[in-house]
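Here is a short report on selected contacts in one protein model. Keep the structure open while reading.

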Amino acid sequence: MTMAVTAPGGALRTAIVTVDDDPVVSRAVARDLRRRYGEQHRIVRAESGESALDALRQMKLRGELVAVILADYRMPQMNGIEFLEQATDIYPGARRALLTAYADTSAAIDAINVVDLDHYLLKPWDPPEEKLYPVVDTLLETWLASDHRPVPETKLVGHRWSARSFEVRDFLARNQVPYRWYSADEPEGLRLLAAADADGLTLPVVITPDGEALVEPSDSELAGKVGLATRPSASFYDLVVIGGGPAGLGAAVYGASEGLRTVLVERTATGGQAGQSSRIENYLGFPDGVSGAQLTDRARRQAAKFGAEVLTTREAVGLEVNGSARTVRFSDGAAIDAHTVILATGVSYRQLNAPGVAALTGRGIFYGSAPTEALSCSGHDVFIAGGANSAGQAAVYLAKGAKSVTILVRGPSLRTSMSHYLIEQIANIPTIAVRTCTEVIAAHGRDYLEKLNLHDSTTGTGETVDARWLFVFIGAAPLTDWLDGVVLRDSRGFVVAGPDLSVGGQRPRGWQLDRPPYHLETSVPGVFVAGDVRAESAKRVASAVGEGAMAVMLVHRYLEKL
Ligand SMILES: Cc1cc2nc3c(=O)[nH]c(=O)nc-3n(C[C@H](O)[C@H](O)[C@H](O)COP(=O)(O)OP(=O)(O)OC[C@H]3O[C@@H](n4cnc5c(N)ncnc54)[C@H](O)[C@@H]3O)c2cc1C
């Protein structure tokens, strides 16, 4: 089988597939096709219907285009019409022609109806200039006239109301991995599942650009297959940054650019909370705003450009002090040693504790994730729980497509929790309504969210509303229990640093150095903290980035005295 994959320029070439069980005839057809079309097209040759179908399935998974399929009629096991019938299931848009002997003309005519045949060619086809090429030219022209775009990127076949399908979508989007979504109950989704030999009961199925099918992959399996680094290249670094939000990315950019051997470890996807923001309007240098995804993409590329290693799907679960080394441990038991550590683990969404919510998360109820789901809720009524800036931004963003957006706020007004500019924007969008003193007390739905029970605290009354979408932004908490007993944290789990550690002029317990802790240094020398996870931090993108940069400056100071 001919298997040249790309054209000289690197672009995928459209294929012409030919199948004939007689090797001599098969080679002759392929030779004639290559002579005329080989520059522009890939000629794929097979000697049985089964092997041609295998080739078509692989090409489908790799996202390649097939323009024309030429099949011999008289083949053992599977004749040309049976083959074309199955090939059409895989590539419905490809134009089809049957090669027949004169005696089989009537079968070929019948096939015009059975498989919607475009043409039949009588053997022998000599001279090809007169008998073969005009037919193939017409088939190619017809094919080109329709809209066919190659899909060389990652393909994701899932179900709209499958929680794991949503998680994988979100993971790919947040890691800036280009992908195309196919619903498992639409024709092209079904074709991809069939090509991957997947039953469609376990979803999602991810098909990598190389054509490998992964059924319900874990984040780390997926990361490895779509080109995201998951393992460190060395065992010792100058600096390990934990957390890939603005603070961590800032630290990685400054650390690597200033010559520190730097590795950044991120549990899910770089960008952190900011990566989920549809539009950050108060970050210096972006007067028209910038989406969290764009900012993350740039920061990540900048960190890589300076030589920082960025690992995704690696969660730090332990921090140890081993002499002058600081050891960061992962859940699989692996570890990295470094001279210094910057903790930049931010905060995570607080869960909405109401009956039914957990079961419907990912199936109509989402934490953050407004940008990922925005398209799906076009034309629908959407609810948002929360009254802070994140909720306001999501409302403005979702209102572009949704029929209506209702913000449910527990307090009596947005004024104490949301920036003035966002309150004004919301007031000027007629499809956004704000319901104050209201909270969600239960969620209902069989396969997906169908209804919400709301409670109005001023009247004490309850109400049930039809709801397909609920986005939850009800605050966040640091997830720092894994640091317990190692670095000092406040009662809410935020990491205490610098002057805040010296209560009444006393150094923190266990602190043995002559000097006091540096500004962003924690109770463990050489371990610094930056961004939202720091006690008393500003909870802003700019301050997180600034603290990341400042922590690196203090890392240098620490290393000089090591
Ligand atoms: C929707 C939304 C909109 C916002 N809009 C704005 C805005 O317009 N302007 C503004 O200034 N601020 C905004 N904020 C706040 C801003 O995004 C945060 O202040 C900022 O992201 C904090 O950055 P950070 O790096 O400290 O933490 P985070 O952004 O929380 O990032 C922490 C990262 O650490 C990772 N992590 C956590 N634990 C571990 C672990 N154990 N191992 C490995 N990785 C770990 C997390 O997965 C996460 O990626 C918004 C927040 C949200 C949620």
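A residue counts as buried when its relative accessible area is under 20%, as exposed when that area is over 50%, and as partly exposed in between. By that rule, both Trp469 and Phe471 are buried. The model is a predicted one.

**Aromatic rings**

Start with the rings. The whole structure holds 10 aromatic pairs. One of them joins Trp161 and Tyr448: the ring centres lie 4.7 Å apart and the planes meet at 25 degrees, so this pair is stacked. Planes under 30 degrees apart are what counts as stacked.

Where do Trp161 and Tyr448 lie? Trp161 is in the loop between strand E6 (154–158) and helix H7 (163–174). Tyr448 is in the loop between strand E21 (438–444) and strand E22 (451–456). The pair therefore ties together parts that are 287 residues apart in sequence. Trp161 has a relative accessible area of 10%, so it is buried. Tyr448 reaches 22% and so counts as partly exposed.

Trp469 and Phe471 form another pair. Their ring centres are 6.4 Å apart and their planes are at 5 degrees, so these rings are stacked too. Ring pairs also build a cluster, which takes in Trp161, Phe166, Phe366, Tyr448, Trp469 and Phe471.

**Charges over rings**

Arginine side chains meet rings as well. The charged end of Arg314 sits over the ring of Phe330. The charged end of Arg515 sits over the ring of Tyr518. The table gives the distances.

| Charged residue | Ring residue | Distance from charged end to ring centre |
|---|---|---|
| Arg314 | Phe330 | 4.5 Å |
| Arg515 | Tyr518 | 3.8 Å |

**Two packed helices**

Two packed helices are described by the angle between their axes and the distance between the axes. For helix H10 (residues 246–257) and helix H16 (residues 541–560), the angle is about 35 degrees and the axes are 7 Å apart. The crossing of H10 past H16 is right-handed.

Which residues make this contact? From H10 come Pro246, Ala247, Gly250, Ala251, Tyr254 and Gly255. From H16 come Val541, Ala544, Val545, Gly548, Ala549 and Val552. Of these contact residues, 9 are nonpolar, 3 are polar and none is charged.

Look next at Val545, which belongs to helix H16. Its relative accessibility is 18%, so Val545 counts as buried. Leaving aside neighbours within four places in sequence, Val545 is in contact with Pro246, Ala247 and Tyr283. Val545 and Leu249 are 296 residues apart in sequence, yet their C-alpha atoms are 7.5 Å apart in space.

**Two further residues**

Thr18 is part of strand E1 (residues 15–19). Is Thr18 buried or exposed? Its relative accessibility is 0%, so Thr18 counts as buried.

Ser291 lies in the loop between strand E11 (262–265) and helix H11 (292–305). With a relative accessible area of 16%, Ser291 is buried. Ser291 touches Ser277, Ser278 and Arg279, when residues up to four places away in sequence are left out.

Note on methods:
Residues are numbered from 1 along each chain as its sequence is written. This is a predicted model: local features need pLDDT of at least 70, side-chain atom pairs count only at pLDDT 80 or more; totals for chains, interfaces and linings use all residues. Side-chain values use heavy atoms; hydrogens and water are left out. Axes are lines fitted to C-alpha atoms, for helices over the stretch in contact, and angles run from 0 to 180 degrees between N-to-C directions. Helices (H or I, at least four residues) and strands (E, at least two) are DSSP runs, numbered from the N terminus. A crossing is left-handed if the near helix is turned anticlockwise from the far one by less than a right angle, and right-handed if clockwise. Contact means heavy atoms within 4.5 Å. Ala, Val, Leu, Ile, Met, Phe, Trp, Tyr, Cys and Pro count as nonpolar, Asp, Glu, Lys and Arg as charged, and the others, Gly among them, as polar. Rings of Phe, Tyr and Trp (its six-membered ring) pair if their centres lie within 6.5 Å; planes under 30 degrees apart count as stacked, over 60 as edge-to-face and the rest as tilted. Buried means under 20% relative accessible area, exposed over 50%, partly exposed in between (1.4 Å probe, protein chains only). A charge sits over a ring if NZ of Lys or CZ of Arg is within 6 Å of the ring centre and within 35 degrees of the ring normal.
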